[in-house]
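Subject: Structure for your review

Dear colleague,

Please find below the sequence and the structure that I am handing over to you. My findings follow directly after them.

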Amino acid sequence: MTADAPITQDVLTLPRKQPDGACNLVGLTRPALRAALVEAGTPEKQAKMREAQLWQWIYQRGERDFAAMTNLSKAYRAELAEKFVIAIPEVVSKQVSADGTRKYLMRIAGGHEVETVYIPETDRGTLCISSQVGCTLTCSFCHTGTQRLVRNLTAGEIVGQVMAARDDLDDWPKPGEGMGERPRLISNIVLMGMGEPLYNFGNVRDAMKIAMDGEGISLSRRRITLSTSGVVPEIARCAEEIGCLLAVSFHATTDEVRDRLVPINRKWNIATLLDALRAYPRLSNSERITFEYVMLKDVNDSDADARRLLKLIAGIPAKINLIPFNEWPGAPYERSDWSRIEAFADILYKAGYAAPIRTPRGEDIMAACGQLKSATERAKKRRADIEAEAGLPSS
Ligand code: SAH
Ligand code: SF4
């Protein structure tokens with residue numbers, strides 16, 4: 001661990017007032033929602049029921065207009081509309097890939113933008129959501145890491161991405177339709193978009209609690225995966241306070257290489273990270289930790305790497321996701337050859353691990369892992385800067 005590692009948790013979530021000063025109900029926890037209603041004049045005695053009714057309208061039905069909430073009195077609806085809004089990020093553009101992947105650019109308060117990606121597969125539909133604008137970490141193979149602008153998303157902006165994507169996909173139950181009558185297009189959520197979710201823990205937790213709430217968006221905790229680059233002190237909280245599945249951006253088998261690829265390794269190295277993963281409280285034995293491993297040509301893709309990886313993770317219930325490197329303009333790496341990726345996977349597979357090679361999705365629209373970066377971000381770093389920060393010899 002070096003003292004000068006450029007790792008900071010220096011972002012704030014400022015409470016964001018809606019332009020007209022009204023309070024946004026989206027993203028409030030249940031107790032906070034109830035408190036807001038009481039503060040706005042709802043009698044204490046009714047507050048619990050009103051909370052439940054609003055919760056269902058907002059998260060089960062996708063309703064944004066108080067006037068349409070027919071089980072509330074007209075007078076109460078008008079009162080709510082005066083004091084509150086139901087606001088989610090605005091989709092400013094949508095690109096659809098040849099493979100069906102959809103990438104949304106969503107505008108949030110302050111004019112910032114984040115990307116959200118929908119990936120349809122035969123047996124599921126996964127929404128990849130962002131937790132920060134940009135990222136304070138600077139993994140040298142990640143496009144998001146070259147974006148300087150950073151702020152934490154609010155809980156409303158995080159769960160709001162799910163709601164906005166459900167709007168676009170027409171994935172809300174129709175009036176009169178029961179829950180679960182139609183297969184859900186968004187069946188899974190991965191926190192693998194822009195940002196380090198464990199550096200925005202409280203907001204991510206509150207948003208995922210809403211996504212998992214049985215009277216709300218109602219996704220099972222096993223269908224939500226949080227990916228971290230290795231913020232060791234926050235890892236256990238992920239199981240304790242959210243209860244979702246965990247993925248770890250591992251990417252290297254020696255500290256020397258991981259220091260360059262995932263600079264947070266200089267603060268919490270491989271041994272420290274593995275200790276945290278060994279201690280990771282699992283709610284059931286079948287819950288494995290996903291090790292993400294980006295395949296970079298001649299950097300981390302040798303047979304010796306595969307064998308070292310096996311030794312390191314021995315004893316941890318694990319699966320390994322091999323991610324062929326997705327290129328972006330100016331990236332200082334190349335994708336490993338396909339035959340190399342297969343040989344690497346084979347070593348893991350023969351040792352008894354599931355080691356799927358993640359098929360790159362949405363590459364034609366720059367929606368694949370690690371390619372996300374807001375279009376508004378102008379302060380592009382030069383390749384030389386990226387290499388210098390990563391400690392790579394300048395090319
Ligand atoms: N910040 C979190 C989550 C977002 S990144 C994290 O780092 O885990 C989601 C995954 O994509 C991570 O495993 C990340 O390492 C990987 N990734 C980043 N850039 C990539 C690229 N160019 N090609 C392939 N995978 C990449
Ligand atoms: Fe941030 Fe994750 Fe990209 Fe690293 S890989 S820069 S932690 S978004």
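I begin with helix 9, whose buried residues are covered by elements including helix 8 (270–278), strand 12, strand 13 (318–324) and helix 10 (338–350). Please bear in mind throughout that this is a predicted model.

The buried residues of helix 9 (residues 303–313) are Asp305, Ala306, Leu309, Leu310 and Ile313. They lie on the same side of helix 9, because the arc they cover around the axis is only 140 degrees. Arg307 and Lys311 are exposed and sit on the face turned away from that buried side. Just after helix 9 comes Gly315, with a positive phi of about 90 degrees.

Strand 12 (residues 289–295) contains Met295, which counts as buried because its relative accessibility is 0%. Leaving aside residues up to four places away in sequence, Met295 touches Asn300, Asp301, Leu322, Ile323, Pro324, Phe325, Glu334, Arg335, Ser336, Ile341 and Phe344. The C-alpha atoms of Met295 and Asp337 are 8.9 Å apart, although 42 residues separate the two in sequence.

I turn next to the nonpolar cores. The largest has 106 residues, and those touching the most other members are Phe141, Met208, Leu226, Leu277, Phe291, Ile320 and Leu348. Helix 4 (residues 155–169) supplies the largest share of this core, with eight residues. Another core, of six residues, lies apart from it and has Val117, Cys128, Val190 and Ala367 among its members. In soluble globular proteins, nonpolar side chains tend to be buried together. The contacts of Phe291, again not counting residues up to four places away in sequence, are Val248, Phe250, Leu274, Leu277, Ile313, Ile316, Ala318, Lys319, Ile320 and Asn321.

Helix 5 (residues 201–212) also deserves a description. Its 12 residues reach 16 Å from the first C-alpha to the last, close to the 16 Å expected at 1.5 Å a residue. Nine of the 12 residues are buried, so helix 5 is largely enclosed by the rest of the structure. Among the buried residues are Phe201, Asn203, Val204, Asp206 and Met208. The buried residues of helix 5 pack against helix 2 (44–61), helix 4, strand 9 (188–191), strand 10 (224–228) and helix 6 (232–242).

Finally, which residues surround ligand 2? They are Cys135, Leu137, Cys139, Cys142, Gly145, Gly195 and Ser229. By class, this shell comprises four nonpolar and three polar residues, with no charged residues.

Yours sincerely

Conventions. Residues are numbered from 1 along each chain as its sequence is written. Chains are lettered from A and ligands numbered from 1 in the order in which they are written. This is a predicted model: local features need pLDDT of at least 70, side-chain atom pairs count only at pLDDT 80 or more; totals for chains, interfaces and linings use all residues. Side-chain values use heavy atoms; hydrogens and water are left out. A nonpolar core is a set of buried Ala, Val, Leu, Ile, Met, Phe, Trp, Tyr and Cys residues joined through side-chain atoms within 4.5 Å. Buried means under 20% relative accessible area, exposed over 50%, partly exposed in between (1.4 Å probe, protein chains only). Helices (H or I, at least four residues) and strands (E, at least two) are DSSP runs, numbered from the N terminus. Contact means heavy atoms within 4.5 Å. A residue is near a molecule or strand if one of its heavy atoms lies within 4 Å of it. Ala, Val, Leu, Ile, Met, Phe, Trp, Tyr, Cys and Pro count as nonpolar, Asp, Glu, Lys and Arg as charged, and the others, Gly among them, as polar. The expected span of a helix is 1.5 Å times one less than its number of residues. The arc is that of the directions from the helix axis to the C-beta atoms.
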